[in-house]
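Keep the sequence and the coordinates open while reading.

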Amino acid sequence: MQSNAALEYDYSVAKLFTYATILFGILGMSVGVLIAAQLAFPELNYLFGEYGTFSRLRPVHTNTVIFGFMISGIWATYYYLSQRVLKVSMAESKFLMFIGKLHFWLYFVGALAAVVSLLLGISASKEYAEFEWPIDIVIVLVWVLWGISMFGLIGIRREKSLYISMWYFIATFLGVAMLYLFNNMEVPTYFVSGGIGSIMNSVSMYSGTNDALVQWWYGHNAVAFVFTVPIIAMNYYFLPKESGQAIYSYKLSLLSFWGLMFVYLWAGSHHLIYSTVPDWMQTMGSIFSVILILPSWGSAINMLLTMKGEWNQLTENPIIKLLVLGSTFYMLSTIEGPIQSIKSVNAIAHFTDWIPGHVHDGVLGWVGFMTFAGLLHMAPRMFKREIHSKKLIELQFWLQTTGIVLYFTAMWIAGITQGMMWRAVDEYGNLMYSFIDTVAALHPYWVIRTLAGVLYLSGVFIFAYNMIKTMTSSKELAQEPKNQSPMAA
Amino acid sequence: MFHWLEKNPFFFAVGVFLVIAFAGVIEILPSFAEASRPVVGLKPYTVLELAGKNIYKNENCITCHSQLIRPFKSETDRYGQVSLSGEYAYDRPFLWGSRRIGPDLHRVGNYRSTDWHENHMMDPKSVVPQSIMPAYPYMFTKMADIDTAYAEALTVKKVFATPYDAPNGTKLGTLEESRAAALEEAKVIAADMKNKEVKDAVARGEIPQIVALIAYLNRLK
Amino acid sequence: MINLVEVQGYARIIMTIVLVIILYGYILHLYRSEKKGERDYEKYGKIALDDDITSTPVEKNPNLHQKKEGEK
C-alpha cells in the first residue's frame with residue numbers, strides 16, 4: 001500500500017461523459033417536449049421546414065435520450081464507480097486511459113453524426129435502431145472500446161470479487177452487443193448493386209414478420225439492458241454509498257441478477273400479441289412478462305430495505321430522495337408492463353398512448369432520477385467541491401415528480417380512452433367513432449402531457465445549472481466525503 | 001460451480017451470454033422459415049413503389065401509422081381484412097409501427113385514391129379539418145430517388161432471391177429499363193393529379209417524391 | 001417433416017424447467033454455503049462502502065502479483 005500513497009482515482013473520462021450526459025439530456029428532452037407539443041398543436045411542425053416535422057424529430061428524441069443521455073450516463077457512472085469497486089485507478093494504466101479517452105471521443109462524434117443523419121431523413125425505420133449502417137459501425141466500435149476498457153480494468157483489479165454493480169455492467173455490455181448486432185444486420189444496397197444510388201441505403205437481412213420478431217426481441221431487451229440493468233448497477237452502488245448502509249441482502253441481489261437474466265429475454269414476444277406470430281408464443285411472452293415481476297421486485301425491494309432504520313435520511317438528503325423514489329417508480333413500471341402484456345389488456349392498450357405512458361414512468365422516474373442522483377453524488381468527489389445548492393435539488397425533485405405524475409396519468413387516460421373509442425360499437429354493431437374523433441378526444445391529455453414535459457425539462461435545466469455551479473464556483477472540499485454528499489443550503 | 005463463476009469474470013461473462021443468447025435462439029429462429037413465405041400472388045414491389053416505400057421509411061411515417069390489422073371485428077370493420085404474415089414477405093424492413101396516432105394504413109389503397117392523397121399530403125387539414133398530421137409540401141418539389149430503389153431491388157434479388165423478373169412477376173431489368181418503367185408508372189399517377197409542378201416534372205422525365213409515395217400507398221391493399 | 005414450431009415449443013419448455021432448477025439450485029447454494037460457514041456473502045456489500053483506493057480489499061486479487069492467468 002505504501003507505494004500507492006499518492007495514487008488517486010482518475011475521473012477524467014467520467015467527467016467527459018458527465019458533460020455529455022447533461023448536454024444530451026437537455027437536447028433530447030427539449031425535442032421530446034417539442035414533439036409532445038406538436039401533437040397538441042400541429043402548427044409547431046413547421047418551425048424548421050422539413051427538419052421539424054414530428055416524424056423526423058421523434059427518432060431524434062428517442063435516440064438522443066437513449067444513446068445520448070442514457071448511454072453517457074451509464075458510462076459516466078461506470079467510469080466513476082468501476083475504479084472504486086475494483087480498487088484500481090485508471091491512472092495506473094496508460095493504455096486504459098488512452099482507450100477511455102478514445103472511447104469518449106469516438107462516441108461523441110458518432111452521436112452527433114447520428115443526430116444529423118436522422119434530421120436529414122436517413123432512417124432505417126426500426127425503432128431505436130434507426131441509424132443507417134455507417135453509424136452502426138461506429139456504434140459497434142465504440143462498444144468494443146468499452147469492452148476493452150472494462151475487461152482491461154477488471155484484469156488489473158485489486159479487489160478479487162466483482163461487486164454486484166460490475167455484474168450488471170458486464171451484462172449490459174454483452175446484452176446490448178448481441179441485440180444490437182443481430183437487429184442491425186443489414187445489407188448496404190450500394191455495394192451489392194455495384195455502386196448505384198445512395199451509399200447510405202441498406203435493406204434489412206430479415207423481412208416482414210421475421211424482421212418484426214427480431215426488432216421487438218431487440219426493442220424489448222434493449223430497454224432491459226439500457227434502461228434497467230445498468231441502472232440497477234448504479235443504484236446498488238450509489239444508494240449504499242450515499243446512505244452509508246450496506247445492501248440489505250447481498251444474496252438477494254445475486255439472485256435477482258440471475259432471475260433477471262433468465263427471464264427478461266423471454267418476454268420480448270409480448271410486443272407481438274395479436275400479430276401474425278404463432279399463438280402459443282404470444283401466450284408464453286405474456287406469461288414470462290408476468291413472471292418478470294419477481295426478479296425486478298427482488299431488486300427494488302432490496303434497494304428499499306437498504307434504507308431500513310435510516311428512513312430519516314429520506315427527508316434530510318434530497319439525493320436519497322431521488323434514489324428511493326426512483327426505485328419506487330421502478331416497481332410501478334415493472335408491474336405496469338406485465339399488466340399491459342396480458343392479452344386482453346394488450347388488445348386495448350396496444351397502439352395507444354398508454355404504451356409511451358408506461359415507457360415514461362420508467363424512464364423519467366427510474367432512469368432519470370437514478371442518473372441525476374448518481375451524477376450529483378459523483379460531483380463533489382470528481383470536482384472536489386460541495387454541491388452548489390440543496391434547495392435547487394429539492395426544487396428539481398418536486399418539479400419533476402409532479403411532471404411524472406401528470407405525464408403518466410394523462411397518458412393512461414388518453415390510452416384507455418382511445419383504445420375504448422376504437423372498438424366502441426352502437427346497438428347495431430357499427431363502429432361509433434370515426435378515427436379522427438378519437439384523435440380529437442385526446443387533445444386535452446396531450447396538452448397536459450406537454451405541460452408535464454415542460455415541468456420535467458425545467459427540472460433538468462435546474463439540474464444542469466446546479467451541476468455547472470458545482471463544477472465551477474462552489475466551496476472547495478479539503479477531503480473526500482465518506483457518505484452523504486456535502487451540499488450548501 | 002456457482003462459486004467458481006463468481007470468481008472468474010471471463011467465464012461469468014460467458015455464462016451470462018449463454019443465458020441471454022439462448023432465449024433469442026429458441027424464440028426467433030424456428031419461426032423464421034414459416035413466417036417468410038409470401039402469400040400466393042404477392043408480387044415484389046416495382047421500383048417506383050419501392051422508392052415510395054423508402055420515403056415512407058426515411059420520413060418515419062411509422063411513428064404515427066401502423067400497418068397491422070389485428071383480428072378484432074372493430075379493426076376489420078375499420079380497416080379491412082386481417083393482416084397475414086405472408087403479405088409482408090417483401091418488406092425489408094417491416095413497417096408495422098407501434099403507435100396509431102393516425103389510422104392503420106395496411107389497406108389504405110382500397111379506400112383512398114391518388115387525388116385524395118395529393119390533397120392530403122399537401123395539407124391534411126384541407127381534407128380532415130381536425131387532422132394533426134404534418135403537411136409534407138416539400139415532397140412535391142423534391143425528386144424521388146429511383147436509382148437507390150433500383151439498387152435495393154437488385155440487392156434483394158441477388159441476396160435474398162426475391163423473385164424479380166420471374167414470369168408474371170415484377171420486371172426489373174437494367175437500370176435504364178427500370179428508370180423508364182418507373183417513369184411510365186409515374187405518368188399514370190400524375191395523370192390523376194392536379195398539381196402543376198408535379199405534372200411538369202413528370203413530363204420532363206423527373207419523378208417527384210409525392211408520386212412515388214402515392215404509388216406505394218396505392219399498392220397497400 | 002417435423003414441425004419446427006413444435007420443436008420450438010418443446011425446446012422452450014425444457015429449457016425453462018432447466019433454468020428454474022438452476023435458479024433454485026443457486027438459492028440453495030447461497031444459503032447452504034453460508035450456513036456451513038464456507039462463505040459470507042454479505043461481506044461483499046462492504047466493497048461499495050469502503051472504496052478508497054487505499055482501503056484494504058475485501059479479498060485480494062491473487063493474480064495481480066503473479067504472472068497473469070488467462071482470465072482477463
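The model is predicted. In chain A, α1 packs against α2 and against α3, while α2 also packs against α4. The largest pocket holds about 700 Å³ of space. A search of the whole structure finds six cavities of 30 Å³ or more.

**Helix packing in chain A**

- The axes of α1(A) and α2(A) come within 7 Å and cross at roughly 155 degrees. An angle over 145 degrees counts as roughly antiparallel, so α1(A) is roughly antiparallel to α2(A).
- α1(A) passes α2(A) in a left-handed crossing. The contact of these two helices has 20 nonpolar, 11 polar and one charged residues.
- α1(A) also packs with α3(A), residues 94–119, at an angle of about 15 degrees. Their axes are 9 Å apart.
- Angles under 35 degrees count as roughly parallel, and α1(A) and α3(A) are therefore roughly parallel to each other. Their crossing is left-handed.
- α2(A), residues 54–86, packs with α4(A), residues 133–155, at about 15 degrees. The axes of this pair lie 10 Å apart. That angle makes α2(A) roughly parallel to α4(A).
- The crossing of α2(A) with α4(A) is left-handed.

**Largest pocket**

- About 700 Å³ of space lies in the largest pocket. Its lining counts 37 residues, and the closest to the pocket centre are B:H65, B:G102, B:P103, B:H120 and B:M133.
- Which element gives the largest share of the lining of the largest pocket? It is α5(B), with four residues.
- By class, the lining of the largest pocket has 23 nonpolar, 11 polar and three charged residues.

**Second largest cavity**

- The second largest cavity holds about 100 Å³ of space.
- Both chains line it. Chain A supplies A:A347, A:I348, A:G419, A:W422 and A:R423. Chain B supplies B:R70, B:F72, B:S74, B:E75, B:R78, B:Y79 and B:R100.
- Each of α13 (343–349) and α15 (390–423) of chain A and α4 (73–79) of chain B supplies at least two lining residues. α4(B) gives the most, with four.
- The lining of the second largest cavity divides into five nonpolar, two polar and five charged residues.

**Chain B: domains and backbone**

- The domain assignment of chain B gives domain 1 (2–35) and domain 2 (47–219). The C-alpha centres of these two domains lie 40 Å apart.
- A cis peptide bond joins B:R92 and B:P93, with omega about -5 degrees. B:P93 lies in the loop between α4 and α5 of chain B.
- B:N60 is not a glycine, yet it has a positive phi of about 60 degrees. B:N60 lies in the loop between α3 (47–58) and α4 of chain B.

Conventions: Residues numbered from 1 in each chain as written. Chains lettered and ligands numbered in written order. Predicted model: local features only at pLDDT ≥ 70, side-chain atom pairs only at ≥ 80, totals over all residues. Heavy atoms only, no water. 1 Å grid on protein atoms, 1.4 Å probe; cavity = no way out; pocket = protein on both sides within 12 Å on 5 of 7 lines; lining within 4 Å. Points joined across faces, edges and corners; volume = space filled by probe spheres on them. Nonpolar A, V, L, I, M, F, W, Y, C, P; charged D, E, K, R; others polar. Domains from an automatic or database assignment. Axes fitted to C-alpha atoms, helices over the stretch in contact; angles between N-to-C directions. Parallel < 35°, antiparallel > 145°, perpendicular 65-115°, else oblique. Left-handed = near helix turned anticlockwise from the far one by under 90°.
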